[in-house]
Amino acid sequence: MKRVLAALLGALLLPSAHAQLGQPTDALLKSPLFVGAQTSRAGIITLKSGVNVVLGQRGGLLTNVTITTPYTEPQGISGSNDTAVAAGSTEQRVGGSARAAQTVGAITGYGESLSAPLLQFLRQPDVVKQLPQGVTVDAPPLTIQAQVQGRALILKLSMTQVPAGQFTATKNVRPAAKPGKDVVLRVYSDFQCPYCQKLELETMPALLRALPDDVRVEFHQFPLEQIHPLARPAAEASECAAQQGRFWDYKDALFRDRSWLQNNPNETFLRLAGDLKLDPGKFKDCLALRGGKAGVDAGLAEAQQLGLNATPTVFVDGYRVGNPFDTAAVLELIKIARATR
């Protein structure tokens, strides 16, 4: 059974400042959750709550977690008591699903915003019946596998990874300094989106300077036309610039100069092309004939296939970046991507 938990999780898709998968394992082990915990020779960590935790890591970074706890559902206590404990508001005795959900919330850093809806999900009657066979929960940026084995509930947390075959090639590529087995940084962006502008002007310059030599950067068109009516014309203009080999410079110009949002956008598009010394006739014809439409259509089709619904959305290889504005977190995820190949 595979479920999508996004409707229950809500805030989970928002960036979290706490310890998460993909972060240094040492930082997690110093958190309050692990105070008083005992570690066996086999690497099994027994928390004070009695929950057993196994941390998977590569290069000192947390990649997956297995949580095991005694399971007493559905003969355990009521859902209301479980929810209270998952929220951390009581110390009363609880069933295994509540202890497991509470531990997931603490380890991921999402707290009650994850533990409470996860507990609600695990206590649904149809899910309880399916647990002996196993349930996989899609909760981007996490994948949670739950299964009851004997008298134990086992939850396995891993970072959601999109298979490489689901991504579509784009011509808007900034090659790696030392091409080879490239790590791919994919940015899905909307030219009218203020958060995309923030990413491009405030985050990307520092990130590009810090990128390792094996990282290739791709820009994927994703204009949210229903809320940003000028995003597509700008995207098509950037594709026209790409036909003259100047996509990246033109993209930067569109994010810096926002006059195309107030005036006739084509006038600004043409002026920016002139500033970059593009062939004015070819560029004007491309705009008039919508020569960039196919490239934008391809980006929208890809975003739809991936199930994207917001910009900016950033991937490192197949891993979705939780907070694309956090340069350090993106660089750590690059290490994860390289280590987990």
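In the hairpin that links β3 to β4, Gly50 has a positive phi near 95°. Five residues separate the two strands there.

Strand β3 covers residues 45-46 and β4 covers residues 52-58. The two run antiparallel and are joined by two bridges. Ile45 has Val53 of β4 as its bridge partner. From β4 the chain leads on to another hairpin. Its partner is β5, residues 61-70, again antiparallel, with seven bridges between the two strands. Asn52 stands opposite Thr68 of β5. The turn between β4 and β5 has two residues, and Gly59 takes a positive phi near 60° in this hairpin.

Thr103 sits in α4, which spans residues 96-108. Is Thr103 buried or exposed? Its relative accessibility is 3%, so Thr103 counts as buried. Which residues does Thr103 touch, once neighbours within four places in sequence are set aside? They are Leu33, Leu47, Val51, Val53 and Ile67. Val53 is the residue paired with Ile45. Leu33 is 70 residues from Thr103 in sequence, yet their C-alpha atoms are 8.0 Å apart.

Now move along the chain to the open sheet. Five strands make it up, in the order β9-β11-β10-β12-β13, with mixed pairing. The edges are β9 (173-174) and β13 (319-320), each of which pairs on one side only. Helix α7, residues 194-210, packs on this sheet. It touches β9, β10, β11 and β12 (313-316), and its direction makes about 160° with that of β10.

Take the strand pairs in turn. β10 (residues 183-189) and β11 (residues 215-221) run parallel, joined by seven bridges. Val184 stands opposite Arg216 of β11. With β12, β10 pairs in the antiparallel sense, over four bridges. Here Leu185 stands opposite Val316. β12 also pairs with β13, antiparallel over two bridges. In that pair Val316 faces Tyr319, standing opposite it in β13. The hairpin of β12 and β13 has two residues between its strands, and Asp317 has a positive phi near 50°.

Side chains of β12 go to both sides. Thr313 and Phe315 point one way, Val314 and Val316 the other, and all are buried.

Return to α7. The buried residues of α7 are Cys196, Leu199, Glu200, Thr203, Met204 and Leu207. In an α-helix there are 3.6 residues a turn, so residues three or four places apart point the same way. The buried positions of α7 pack against β10, β11 and β12, and also against helices α9 (247-256) and α13 (327-339).

The loop between β9 and β10 holds Lys178. Lys178 has a relative accessible area of 58% and is therefore exposed. Beyond its neighbours within four places in sequence, Lys178 is in contact with Asp213 and Asp214. Arg216 is the residue opposite Val184.

Step back to the whole protein. It comes to 13 helices and 13 strands. Of its 341 residues, 47% are buried. Among contacts between residues at least 6 apart in sequence, 68% join residues at least 24 apart.

Finally, confidence. The mean pLDDT is 87, and 87% of the residues reach 70 or more. Residues 4-19 have pLDDT below 50, and this stretch makes 32 contacts in the model beyond near neighbours in sequence. Residues 76-94 also fall below 50, with 28 such contacts. Where pLDDT is low, the predicted coordinates should not be read in detail.

Definitions and conventions: Residues are numbered from 1 along each chain as its sequence is written. This is a predicted model: local features need pLDDT of at least 70, side-chain atom pairs count only at pLDDT 80 or more; totals for chains, interfaces and linings use all residues. Side-chain values use heavy atoms; hydrogens and water are left out. Two strands pair if DSSP finds at least two bridges between them. Contact means heavy atoms within 4.5 Å. Axes are lines fitted to C-alpha atoms, for helices over the stretch in contact, and angles run from 0 to 180 degrees between N-to-C directions. Buried means under 20% relative accessible area, exposed over 50%, partly exposed in between (1.4 Å probe, protein chains only). pLDDT is the predictor's confidence in each residue, from 0 to 100.
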